[in-house]
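Have a go at each task before you read its solution.

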Amino acid sequence: MKHVRLSIIGFGVVGQGLAELLVTRKELLRRHFDLQVTLVSVANARHGFIYREDGLDIPALLELAAQRRPLTELSGVKHWKDALEGLQATGGDILAEATGTNLRDGEPGVSHIRGALAQKMHVITANKGPIALAANELFSLAREQGVQLRIEATVMAGTPVISTVHEGMAGARVRAIRGILNGTTNYILSAMANGRDYEDVLAEAQQQGYAEADPTADVEGYDAVAKTLILAAVVFGHTLKPDQVQRRGITGVSREDIKHAIKNNERIKLIASLNTVEDFADCPLDARVEPVALPLSDPLAHIDGVTNAITFETDTLSKVTIVGPGAGRLPTGQGLLADLIAIARTTE
Ligand SMILES: NC(=O)c1ccc[n+]([C@@H]2O[C@H](COP(=O)([O-])OP(=O)(O)OC[C@H]3O[C@@H](n4cnc5c(N)ncnc54)[C@H](OP(=O)(O)O)[C@@H]3O)[C@@H](O)[C@H]2O)c1
């Protein structure tokens with residue numbers, strides 16, 4: 001039986017989702033993958049880093065987190081104030097990094113990932129900031145250290161996008177990508193297509209937890225830009241800067257625009273796109289996030305609500321479209337779990 005010692009830094013929606021799956025999939029992991037995962041450490045911002053050599057009691061930990069009580073109340077744990085210091089003192093085989101996305105400098109995720117790779121831990125992450133801003137540096141560091149950095153959950157949560165490109169479509173040349181990569185904006189645009197007003201739907205999305213109290217990152221397209229940067233790096237091997245993505249959010253889309261599109265048998269969607277442009281010398285990719293009126297013949301025109309979708313145009317498969325959830329506790333935890341299993345299966 002293979003044993004993996006796991007650390008989770010960032011114990012919010014996603015970190016807890018992964019921990020829950022470790023409990024509910026314990027038997028499946030043993031039976032199908034001959035794998036036992038011991039959660040040895042967990043950190044959040046309020047309570048710091050806790051560690052227990054023999055493994056943390058996950059149900060008790062989830063209960064404390066649900067009640068927002070200090071994680072240090074768990075019996076028999078050692079405690080560090082700072083997550084990175086704790087990780088450096090205790091180690092493990094795999095770090096799951098699930099702190100909040102920061103698109104200014106990628107912190108604290110970049111430091112956590114760098115620190116784990118430097119001590120030869122594999123890393124799985126749902127955090128978009130570090131990969132959007134520092135993919136090149138972090139993947140190079142992982143290679144130098146002989147460990148893996150896997151990022152399935154950063155784009156469309158656990159819906160298998162990155163692994164499909166890297167493994168399922170290995171050998172195909174991707175020429176273009178178009179995707180609906182932000183559930184909040186798609187929810188708003190879908191409701192507007194059904195006659196609702198922007199302000200009204202946004203308020204409802206906030207109430208239902210689909211949109212943040214400050215919706216800027218979603219409605220102005222920054223979240224989709226982050227995913228576009230990640231795809232540029234992992235599919236095309238190009239590190240783009242955020243300002244190399246032409247960005248327009250959905251705040252300028254009016255009811256009239258939507259009605260006009262419907263009359264023309266079109267649907268307006270916030271589309272993230274990457275197109276290879278042979279004769280661009282310095283940047284051979286045209287990268288955009290913008291509202292686009294799609295004809296009904298396009299599969300993306302039919303993606304409604306918080307669902308995400310992505311179409312890859314390749315030389316051997318023509319068009320491949322993947323549809324699935326792009327957020328949520330278990331869907332995102334699933335992306336981390338799949339990466340964890342992939343590492344366990346491909347390492348000694
Ligand atoms: N939620 C989704 O559906 C989803 C989908 C795909 C990707 N993601 C990405 O996954 C990541 C986590 O998302 P989430 O929804 O779980 O966010 P969240 O609920 O806000 O959780 C973030 C966690 O990170 C902790 N944290 C922040 N700074 C830290 C630090 N310096 N050291 C240790 N812990 C720290 C927070 O601590 P406190 O609890 O003390 O505040 C919290 O536990 C984000 O990068 C997000 O973009 C999320």
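This is a predicted model: local features need pLDDT of at least 70, side-chain atom pairs count only at pLDDT 80 or more; totals for chains, interfaces and linings use all residues.

**Exercise 1.** Find how far a backbone N or O atom of A45 lies from an oxygen atom of the ligand.

*Solution.* One of its backbone N or O atoms is 2.9 Å from a ligand oxygen atom. Next, go to V13, where a backbone N or O atom sits 3.0 Å from an oxygen atom of the ligand. Finally, look at T99: a polar backbone atom there is 2.7 Å from a ligand oxygen atom. As for cover, the ligand taken alone exposes 890 Å², and the protein buries 74% of that.

**Exercise 2.** Describe the shell of residues around the ligand by number and class.

*Solution.* First, the number: 24 residues surround the ligand. The closest are V14, R46, T99, T101 and G328. Then sort the shell by class, which gives 12 nonpolar, 10 polar and two charged residues. Last, look for elements that contribute: α1 and β2 (35-44) each supply at least two residues of this shell.

**Exercise 3.** Decide whether Q16 is buried or exposed.

*Solution.* Begin by placing the residue: Q16 belongs to helix α1, which spans residues 13-24. Now take its relative accessibility, which is 12%. The cut-off for buried is under 20%, so Q16 counts as buried at 12%. To finish, see which residues touch Q16. Setting aside neighbours within four places in sequence, Q16 is in contact with F11, L62, A65 and R329.

Conventions. Residues are numbered from 1 along each chain as its sequence is written. Side-chain values use heavy atoms; hydrogens and water are left out. Helices (H or I, at least four residues) and strands (E, at least two) are DSSP runs, numbered from the N terminus. Buried means under 20% relative accessible area, exposed over 50%, partly exposed in between (1.4 Å probe, protein chains only). Contact means heavy atoms within 4.5 Å. A residue is near a molecule or strand if one of its heavy atoms lies within 4 Å of it. A polar contact is a pair of N or O atoms within 3.5 Å; within protein, one must be able to donate a hydrogen and the other to accept it, and residues adjacent in sequence count only if both atoms are side-chain atoms. Accessible areas come from the Shrake-Rupley method with a 1.4 Å probe; for residues, only the protein chains shown count as cover. Ala, Val, Leu, Ile, Met, Phe, Trp, Tyr, Cys and Pro count as nonpolar, Asp, Glu, Lys and Arg as charged, and the others, Gly among them, as polar.
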